[in-house]
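Come along as I look them up one by one.

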Amino acid sequence: MYNKIVQSTSHREDPLPKGPWVMMQKWDDLLFLHWPVPKNVMEDLIPPELELDTYDKDAWITIIPFKVSRMRLRNMPQIPYFRSYLELNVRTYVKRNGMKGVYFFSLDANKVHAVLGARMATLPYFYANMDMRKSGDTFRFNSRRIGEESAVFNVSYRPVGEPFTPQKDSLNDWLLERYYLWTYKFGSLFRAGIHHRRWEIQQAEAVIEHQLVTPCIPASVLEKQPIKQYASSKIALFWMVRKEV
């Protein structure tokens, strides 16, 4: 299975990262919420070593709640404790030296050891109380960050319509097909490569009850309805996090 994923690269703009992948995750029942943000608002929020990536002159911010149903290190058996956990990501879109990717403002998860391990790898993870429930075709996702109880996110969502693969160079394709991630810690920039097959998505309906995980963005900027997308699952491979030079 993993060899077939690695061999499927025609949708990438850049070659696979050098060396072997080191970790696999399976993501389930993802909701993507995308908002356009004025470029001048976002530029001050990313490290100076990164260039803001825009689509039709707009920057974008995306919130993604989902479930990790499988995680393991390469050539290692699955660890029972990490068999399943919930995660909530907040990201924007950047590039560096021609490579496009994402910059994470925060990643919340409800397994403390996953948070501690990711923090050791320089990723901005936070421990949160989370639950995700399904009723019929509707998912309910709740998150409240431990030690920062104001960082709350509550949403109900469901997929609608038929699955489709976004057209190349469309906004959907631009938002989803990202294969590098950057973080900033201790005054240094770090990068990791990832890889998966092309996204297949559905349109989504979503009701956001509370959204308090983007304090860096003025609330007025996010008043309009976001683009809403659902993906049922994705297996992703990760390469080692490395310090940029």
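I began with tyrosine 230, which counts as buried because its relative accessibility is 6% (buried means under 20% relative accessible area, with a 1.4 Å probe and protein chains only). A note on the source: this is a predicted model, where local features need pLDDT of at least 70 and side-chain atom pairs count only at pLDDT 80 or more, while totals for chains, interfaces and linings use all residues. Residues are numbered from 1 along each chain as its sequence is written, and side-chain values use heavy atoms, leaving out hydrogens and water.

Next I looked up ring pairs: Phe, Tyr and Trp rings (the six-membered one for Trp) pair if their centres lie within 6.5 Å, and planes under 30 degrees apart are stacked, over 60 edge-to-face, the rest tilted. I found 12 aromatic pairs by this rule.

In one of them, tryptophan 27 and phenylalanine 238 have ring centres 6.2 Å apart and planes at 75°, so I noted it as edge-to-face. Both tryptophan 27 and phenylalanine 238 are buried. I also saw that Trp27 and Phe238 belong to one aromatic cluster with Phe32, Phe66 and Trp199.

Then I went back to tyrosine 230: its ring centre lies 6.5 Å from that of tyrosine 157, with the planes at 45°, so this pair is tilted. Tyrosine 157, at 1% relative accessibility, is buried.

Last, I checked for charges over rings (NZ of Lys or CZ of Arg within 6 Å of the ring centre and within 35 degrees of the ring normal). The charged end of arginine 145 sits over phenylalanine 126, 4.1 Å from the ring centre. Arginine 178 has its charged end over the ring of tryptophan 174, 4.4 Å from the centre.

Key: Buried means under 20% relative accessible area, exposed over 50%, partly exposed in between (1.4 Å probe, protein chains only).
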